[in-house]
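Subject: Handover of a structure

Hello,

I am passing this one on to you. Please open the structure first, then read my notes below.

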Protein chains: 2
Amino acid sequence: MTSTGIGPPKRDTYRHGDLRRALLEAGTELARGGGSDAVVLREATRRAGVAPSAAYRHFADRRALLDAVCSAAQAALAIAMEEELDGLPNGGDPAEAARARLRAVGTGYLRFAQAEPGLFRTAFSASDNLRSAASPSRAGEGGLTPFQLLSAALDGLVEAGVLPPERRLGAEFLAWSAVHGLAMLLIDGPLRGLDHAQTQDIGRHLIDMVERGL
Amino acid sequence: MTSTGIGPPKRDTYRHGDLRRALLEAGTELARGGGSDAVVLREATRRAGVAPSAAYRHFADRRALLDAVCSAAQAALAIAMEEELDGLPNGGDPAEAARARLRAVGTGYLRFAQAEPGLFRTAFSASDNLRSAASPSRAGEGGLTPFQLLSAALDGLVEAGVLPPERRLGAEFLAWSAVHGLAMLLIDGPLRGLDHAQTQDIGRHLIDMVERGL
DNA sequence: TTCTGTTTGTGTACGGTGTTCACAACGACA
DNA sequence: TGTCGTTGTGAACACCGTACACAAACAGAA
């Protein structure tokens, strides 16, 4: 965060220093509060203490800024998933560990959707947000995007002998569909307002379904 | 459709007659073309041949118009699902028929998402679009909303003895999650551009997963 | 150092949007 | 016929995205 104070940051230098980053951070903050519709270019420049047209030195248009925010949101999602994975105990039965990793991927996804609904919606609102699921700017600290984290978990399931290899093809689409759909229900749908325990419960049921049905 | 011609419909009377309906239809047409962002109040009034402020006699604000369009889109979705159900053969094994009805609900959902991506996105973009899943304005010709159609199919599965009653609770959330998530992948995600056969195929796989995993 | 060129932010302007409000036209009903 | 509530008009406001000419700051060559 470049400026925590109220009001315009009042630069003393003519140059800003790192306007692109400042705009991206302001845009991300706007997205956090109100989803993709809330990331308005003029407000981002205002928060960066800069004239509106200055943004066009760093982003082709509002859409480009939004795409950058979208990538940042996906990276944040990847980090949430990685945190869930890192919290897993090491060792134990390999098959059970592989299953636990798939579950962690799912619960991390759901946890992020509920903790940061604005960012989550933004991550999947842009025009081609899912098209390039492998862009490095959308990765977490481990270098993997949310989609790649899921793929890795499924690969682990095959290696551990839990998932038959002939069922592996396209499995990420099935698993992703289920978890993503549930996330939407939880933040915008009739399942909104459930507390953490209830969320955990239905999330577990859903992942049970995926495991059984894959 | 009130006016298929180019240009403003040129009323001869001062009163419009049915402006609310005209605005709703114009808004729906805009949503069809470009999703919820495209439903612009001024453009809707333009198409209705009326001054922008006239819209405020019938809708509190743009959001209210968008909510109405959203309900219309959900009703269209319900109709697509009903069409799929109506195309099913009658008679036969009750268990197999119940399974076929659940599949029809899912394929109708996916078919609509691909045939009308703009309307589909609009149906699930509003703030409280899923909250009142039972509003009559969101129902198809049979009087059931998309969610209620799914619930009915699951009830049929229990009646036919295919689904154990203890698994019925919350099953619509699991099934809806999976199908809705897949729809998003198909219209905005990496699965975009698949032809009808491929879509059918992966849709079948997904519904297999749901049936097995429910 | 000074001169020159490139990068980056400024100021102003344009068209578009949602929204408000006083006013005018109409329809209905006494 | 007169009156009143409903519905559409016109002009205004603030806000948005975007374009453009201009100015300030930097970087490197002379």
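This is a predicted model: local features need pLDDT of at least 70, side-chain atom pairs count only at pLDDT 80 or more; totals for chains, interfaces and linings use all residues.

Start with how the two copies relate.

**Where the chains meet**

Next, the interface. On one side, 27 residues of chain A are in contact; on the other, 28 residues of chain B. Two elements of chain A give two or more residues each to the side that touches chain B: α7 (171-187) and α8 (196-213). Which of them gives the largest share? It is α7(A), with 10 residues. By class, the side of chain A that touches chain B has 16 nonpolar, 7 polar and 4 charged residues. Of the interface residues of chain A, 100% are also interface residues in chain B, so the copies meet through the same surface.

**Chain A on its own**

Chain A has 8 helices and 0 strands. Read from the N terminus, its elements run α-α-α-α-α-α-α-α. The C-alpha trace of chain A spans about 60 × 35 × 30 Å along its principal axes.

Two helix pairs in chain A are worth a look.

Take α1 and α3 to begin with. Helix α1 (residues 19-34) of chain A packs on helix α3 (residues 62-86) of chain A at an angle of about 70°, and their axes are 9 Å apart. That makes α1(A) roughly perpendicular to α3(A). From α1(A), the contact uses A:L23, A:L24, A:G27, A:T28 and A:A31. From α3(A), the partners are A:L65, A:A68, A:V69, A:A72 and A:A73. This contact of α1(A) with α3(A) counts 8 nonpolar residues, 2 polar and no charged.

Now the second pair. Helix α4 (residues 94-115) of chain A and α8(A) pack at an angle of about 135°, with 10 Å between their axes. The two helices, α4(A) and α8(A), are therefore oblique to each other. The crossing of α4(A) past α8(A) is right-handed. On the α4(A) side you will find A:R99, A:R103, A:G106, A:T107, A:L110 and A:Q114. They meet A:T199, A:G203, A:I207 and A:E211 in α8(A). Which classes make up the contact of α4(A) with α8(A)? There are 2 nonpolar, 5 polar and 3 charged residues.

**A helix pair in chain B**

In chain B, look at α4 and α7. Helix α4 (residues 94-115) of chain B and helix α7 (residues 171-187) of chain B have axes 9 Å apart and pack at an angle of about 25°. That makes α4(B) roughly parallel to α7(B). Their crossing is right-handed. In α4(B), the contact residues are B:G106, B:Y109, B:L110, B:A113 and B:Q114. Facing them in α7(B) are B:V179, B:L182, B:A183, B:L186 and B:I187. The contact of α4(B) with α7(B) has 8 nonpolar residues, 2 polar and no charged.

**The DNA strands**

Two DNA strands remain, C and D. I will take them in turn.

Helix α2 (residues 41-48) of chain B gives the most to the surface near DNA strand C, namely 3 residues. This surface near DNA strand C holds 11 nonpolar, 4 polar and 7 charged residues.

Then strand D. DNA strand D has 20 residues around it. Of these, A:Y14, A:D61, B:H16, B:A51 and B:S53 come nearest. Here helix α2 (residues 41-47) of chain A supplies the largest share of the surface, 3 residues. By class, the surface near DNA strand D divides into 9 nonpolar, 4 polar and 7 charged residues.

That is the handover. Over to you.

Best wishes

Terms used: Residues are numbered from 1 along each chain as its sequence is written. Chains are lettered from A and ligands numbered from 1 in the order in which they are written. Axes are lines fitted to C-alpha atoms, for helices over the stretch in contact, and angles run from 0 to 180 degrees between N-to-C directions. Helices (H or I, at least four residues) and strands (E, at least two) are DSSP runs, numbered from the N terminus. Angles under 35 degrees count as roughly parallel, over 145 as roughly antiparallel, 65 to 115 as roughly perpendicular and the rest as oblique. A crossing is left-handed if the near helix is turned anticlockwise from the far one by less than a right angle, and right-handed if clockwise. Two residues are in contact if their C-beta atoms, placed from the backbone, lie within 7 Å. Ala, Val, Leu, Ile, Met, Phe, Trp, Tyr, Cys and Pro count as nonpolar, Asp, Glu, Lys and Arg as charged, and the others, Gly among them, as polar. A residue is near a molecule or strand if its C-beta atom, placed from the backbone, lies within 6 Å of it.
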